[in-house]
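Try each task before reading its solution.

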Amino acid sequence: MNARANPPLTIRLCGPRGFCAGVDRAIQIVVLALKKFGAPVYVRHEIVHNRYVVDGLKAKGAIFIEELSEIPAADRDRPVVFSAHGVPKSVPADAEARNLFYLDATCPLVSKVHKQAMRHQRLGRHVLLIGHAGHPEVIGTMGQLPEGAVTLVETEEDVARFEPLDPAALGFVTQTTLSVEDTAGVIRALRERFPDIRAPAAESICYATTNRQDAVREAAPGTDLFLIVGAPNSSNSRRLVEVAERAGARRAALVQRAADIDWDATGPIATLGLSAGASAPELLVDEIIAAFAERYAVTVDPAVTAVETENFPVMRAIRDVELTPADMAFVNGGS
Ligand code: SF4
C-alpha cells in the first residue's frame with residue numbers, strides 16, 4: 001500500500017452550474033457569424049464576462065472593441081455583435097447611422113427587463129433599477145429610457161436617500177444577476193417607503209442566477225472551501241461566492257482557472273464545494289477537478305437542485321449555419 005496516499009477529498013459539484021442559455025446563445029452567435037461571414041467579426045464589449053471565452057473567440061477571428069467607432073473604415077462591411085449584457089438604445093442607432101450590419105446577442109431575459117422598464121415608463125412611472133453601477137447590463141437597461149427616467153439603487157441606504165417627484169408613480173426592475181437575498185432586502189425597503197411602487201410583471205432576476213444560487217446555498221454548509229469558477233467582472237459569479245460564505249462554507253473564493261488556486265492557502269480540507277458562474281466554460285470546471293485529483297483522492301458528489309432545459313435560439317440571419325460540437329469544443333471540451 002502507498003504510505004503517502006493522497007488524502008481523501010469529497011467535491012460537492014453543484015448543478016446547475018456554468019453556462020446559462022443566454023451565454024450559450026451569445027457565444028454561438030459569434031461562432032456562427034464567423035462561420036457564415038468569415039473573419040473578422042467585431043464584438044462590442046466582452047461577449048460574456050470570461051477571458052477564456054474571449055480568447056477562444058479571438059483565436060477564431062473575433063475582434064473585441066468597446067465602441068463602434070473603433071471599427072476601421074475598411075471593415076465597415078463586417079458584422080458586429082452586441083454582447084449578452086444588452087446595450088443602450090443609442091448603440092443600435094449608432095450602428096444604423098454607420099451603416100453597420102449588427103447581430104444583437106442581448107440575452108432574451110435582459111431584453112425582457114428592458115421591456116419591463118419601458119412599460120413602467122409608458123404607464124407614467126419613474127423607474128427604479130436595482131443593480132450595480134457601471135455594470136454593462138445596468139448601462140444597457142438605463143439606456144432604454146430617456147436621461148433622468150431611471151434611478152439606480154444599489155442598497156437599502158440608496159432607497160432611504162431617494163426623493164421621488166411623485167411617490168405614487170414608481171416602478172422597479174432589477175439587474176438579472178443579483179443576489180436573490182440582497183435584492184429582497186432592497187425591494188422590502190422600497191415597498192416600506194413607497195407602498196404604491198409597482199413591481200415588474202415577472203421576476204427580473206433570471207432563472208440561471210436563481211438556480212445557481214440555490215445549488216450553492218444547498219451545498220455550502222459544512223464545506224471547508226467553496227470555489228466558484230468565474231471572472232472578477234462577472235456579477236453572477238461574485239454573488240455565488242457571497243452565497244457560499246453566507247450559507248456556511250468555511251471559506252469561499254473566485255478562481256478563473258486551476259492555475260489561480262492558492263494551494264498554500266487551501267490548508268487541510270476534506271470537503272470542497274464547486275460551482276461555476278453563468279459565463280464560465282465547463283472545460284475550466286474539469287480542469288479544476290483534475291488539479292485537485294493530482295493532490296487528493298477525489299470523490300465527486302453531485303449536488304443537483306434543478307435541471308435546466310432552457311434554450312434560446314439564435315437569430316434568423318445565422319440560423320441556416322450548422323453548429324457542430326467541434327465548433328463549441330473550445331468551451332465545452334471534446335470535439
Ligand atoms: S445570467 Fe440570466 S440574464 Fe444573464 S445571460 Fe444568463 S440567462 Fe441571460
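**Exercise 1. Find which residues lie nearest the centre of the largest cavity, and describe its lining.**

Step 1. The largest cavity is lined by 23 residues, and Val23, His85, Thr176, Thr177 and Asn236 lie nearest its centre. Here a cavity is a set of points, on a 1 Å grid over the protein atoms alone, where a 1.4 Å probe fits but cannot get out, and a lining residue has an atom within 4 Å of a point.

Step 2. The elements giving two or more residues to this lining are α1 (21-37), α4 (108-122), α8 and α9 (235-246). The largest share, 3 residues, comes from α8. Helices (H or I, at least four residues) and strands (E, at least two) are DSSP runs, numbered from the N terminus.

Step 3. By type, the lining divides into 11 nonpolar, 11 polar and 1 charged. Asp, Glu, Lys and Arg count as charged, Ala, Val, Leu, Ile, Met, Phe, Trp, Tyr, Cys and Pro as nonpolar, and the others, Gly among them, as polar.

Step 4. The volume of the largest cavity is about 300 Å³, taken as the space filled by probe spheres set on points joined across faces, edges and corners.

A note on the source: this is a predicted model, in which local features need pLDDT of at least 70 and side-chain atom pairs count only at pLDDT 80 or more, while totals for chains, interfaces and linings use all residues. Residues are numbered from 1 along each chain as its sequence is written, and side-chain values use heavy atoms, with hydrogens and water left out.

**Exercise 2. Now describe the largest pocket.**

Step 1. A pocket is an open set of points with protein on both sides within 12 Å along at least five of seven lines. The largest pocket holds about 230 Å³ of space.

Step 2. Its lining has 15 residues, and Arg17, Phe19, Cys20, Ala21 and Asp24 are the closest to the centre.

Step 3. This lining divides into 6 nonpolar, 4 polar and 5 charged residues.

**Exercise 3. Compare the span of α11 with its expected span, then locate its buried residues.**

Step 1. The expected span is 1.5 Å times one less than the number of residues.

Step 2. Leu284, Val285, Ile288, Ile289, Ala291 and Phe292 are buried in α11. Buried means under 20% relative accessible area, exposed over 50%, and partly exposed in between (1.4 Å probe, protein chains only).

Step 3. These residues are on the same side of α11 because they cover an arc of only 160 degrees around the axis. The arc is that of the directions from the helix axis to the C-beta atoms.

**Exercise 4. Which backbone features stand out at Pro16, Pro40, His45 and Asn99?**

Step 1. Start with the background: most residues other than glycine have a negative phi, and most peptide bonds are trans.

Step 2. The bond from Gly15 to Pro16 is cis, with omega near 0 degrees, and Pro16 is in the loop between β1 (8-15) and α1. Ala39 and Pro40 are also joined by a cis bond, with omega about 0 degrees; Pro40 lies in the loop between α1 and β2 (41-44).

Step 3. His45 has a positive phi of about 70 degrees and is buried at 18% relative accessible area. Asn99 has a positive phi near 65 degrees and is exposed at 69%.
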